Amino acid sequence: MSKGSGELLNWEYIQKMQYSWNVTTEVMRLAPPLTTDFIYEGFTIPKKWKLHWSTSTTHMNPDYFLDPEKFNPSRFEGDGPRPYTFIPFGRGPRMCPGKEFARLEILVFLHNVVNRFKWELVFSDEKINIDPMPVPVKGLPIRLQPHKF
Ligand code: HEM
C-alpha cells in the first residue's frame, strides 16, 4: 500500500509500514546503539565495559541530601529531593511497578505494629549485611508487648 503525494501520514498507515521498520531493525542489528567508546563526566567508558552503579552512592551524596548520614524524615517534606536523586525504586521506563503496592503494604504493617505493640530489639547492635540488600545477620528478632487499651 502506498500513499498519494501530499497525503499526510496517520497512525493506521504507520502500522502498515512493515518493510520500512524491517529495514530500520536490520540497521540496528548491524550497528546497535551504545557499542562505541563514550566519555561521561571526563571518564572514558570503553566499548564493551559494564558499569556498576549503586543507589547508595547517590543517596549518600551531600550535594543532594544535607547531612546524608543523619536519619531525618523531614527532608521529604515540601518538594522533597531533586528529581532522580531519591531512587530506591529505580526511575524511568523500567521503574519498579510494585511501588504503590509496596507503599500500601508498608503503611498497613507500620500502622498495625505501632498501634498495637510496644517493641524492642533483642540485639540492639545487630549487624546488618548489605549484599546488596540490607539483611540483619540474626534475622532481627524483636520482643513485642501488646499495648494496654
Ligand atoms: C519496598 C519494596 C520494593 C523496592 C524497594 C523495589 C525496588 C525495585 C527496583 C530498584 C527495581 C529496578 C528498577 C529499575 O530497573 O530501574 C524494581 C523492579 C521491579 N519491581 Fe520492585 N521493589 C519493591 C517492591 C515490589 C513489589 C511489591 C512488586 C510486585 C508486587 C515489585 C515488582 C517489580 C518488578 C516486576 C520489577 C521489574 C520492572 C521492569 O524491569 O520493568 N517490586 N523494584
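Modeller: A word on naming before anything else: helices (H or I) are DSSP runs of at least four residues and strands (E) are DSSP runs of at least two, both numbered from the N terminus. Please also keep in mind that this is a predicted model.

Biologist: Fine. Where is Lys 48, then?

Modeller: Lys 48 sits in the loop that runs between E2 and H3. Its phi is positive, at about 75°, although Lys 48 is not a glycine.

Biologist: And which other non-glycine has a positive phi of about 50°?

Modeller: That is Glu 41, which belongs to the loop between strand E1 (38-40) and strand E2 (43-45). For background, most residues other than glycine have a negative phi.

Biologist: Is Glu 41 buried or exposed? And what about Lys 48?

Modeller: Glu 41 counts as exposed because its relative accessibility is 66%, where the cut-off is over 50%. Lys 48 counts as exposed as well, with a relative accessibility of 77%.

Biologist: Let's switch to the ligand. Which residues are around it?

Modeller: The shell consists of Pro 88, Phe 89, Gly 90, Arg 91, Arg 94, Cys 96, Pro 97, Gly 98, Phe 101 and Ala 102. By class, these divide into 6 nonpolar, 2 polar and 2 charged residues.

Biologist: What is the protein donor of the iron atom?

Modeller: Cys 96 is the only one, with its SG atom at 2.2 Å from the iron atom of the ligand. The unreviewed UniProt entry also carries a "binding site" annotation that covers Cys 96.

Biologist: How far is a polar side-chain atom of Arg 94 from an oxygen atom of the ligand?

Modeller: The distance from that side-chain atom of Arg 94 to the ligand oxygen is 2.7 Å.

Biologist: Staying with the loop between H3 and H4, is Thr 85 buried or exposed?

Modeller: Thr 85, which lies in the loop between H3 and H4, counts as buried because its relative accessibility is 4%. A polar atom of the Thr 85 side chain is 2.5 Å from the backbone oxygen of Arg 82.

Biologist: And Glu 69, buried or exposed?

Modeller: Glu 69 is also found in the loop between H3 and H4, but it counts as exposed, with a relative accessibility of 70%.

Biologist: New topic: how is the protein divided into domains?

Modeller: There are two pieces in the assignment, domain 1 (11-76) and domain 2 (99-146). Taken over C-alpha atoms, their centres are separated by 33 Å.

Biologist: What can you tell me about Lys 127?

Modeller: Lys 127 occupies the loop between strand E3 (117-121) and strand E4 (128-130), and it counts as exposed because its relative accessible area is 53%. Lys 127 and Leu 140, 13 residues apart in sequence, are 9.3 Å apart from C-alpha to C-alpha.

Biologist: Last one: where is Trp 119, and how far is it from Leu 8?

Modeller: Trp 119 is placed in strand E3 and is partly exposed, with a relative accessible area of 48%. Between Trp 119 and Leu 8 the C-alpha to C-alpha distance is 68 Å, and the two are 111 residues apart in sequence.

Conventions:
Residues numbered from 1 in each chain as written. Predicted model: local features only at pLDDT ≥ 70, side-chain atom pairs only at ≥ 80, totals over all residues. Heavy atoms only, no water. UniProt positions renumbered as here; feature names shortened; annotations may be inferred. Near = heavy atom within 4 Å. Polar contact = N/O pair within 3.5 Å; in protein donor to acceptor, adjacent residues only side chain to side chain. Nonpolar A, V, L, I, M, F, W, Y, C, P; charged D, E, K, R; others polar. Domains from an automatic or database assignment. Donors = N, O, S within 2.8 Å, 3.2 Å for Na, K, Ca; no water. Buried < 20%, exposed > 50% of the residue type's maximum accessible area, 1.4 Å probe, protein only.
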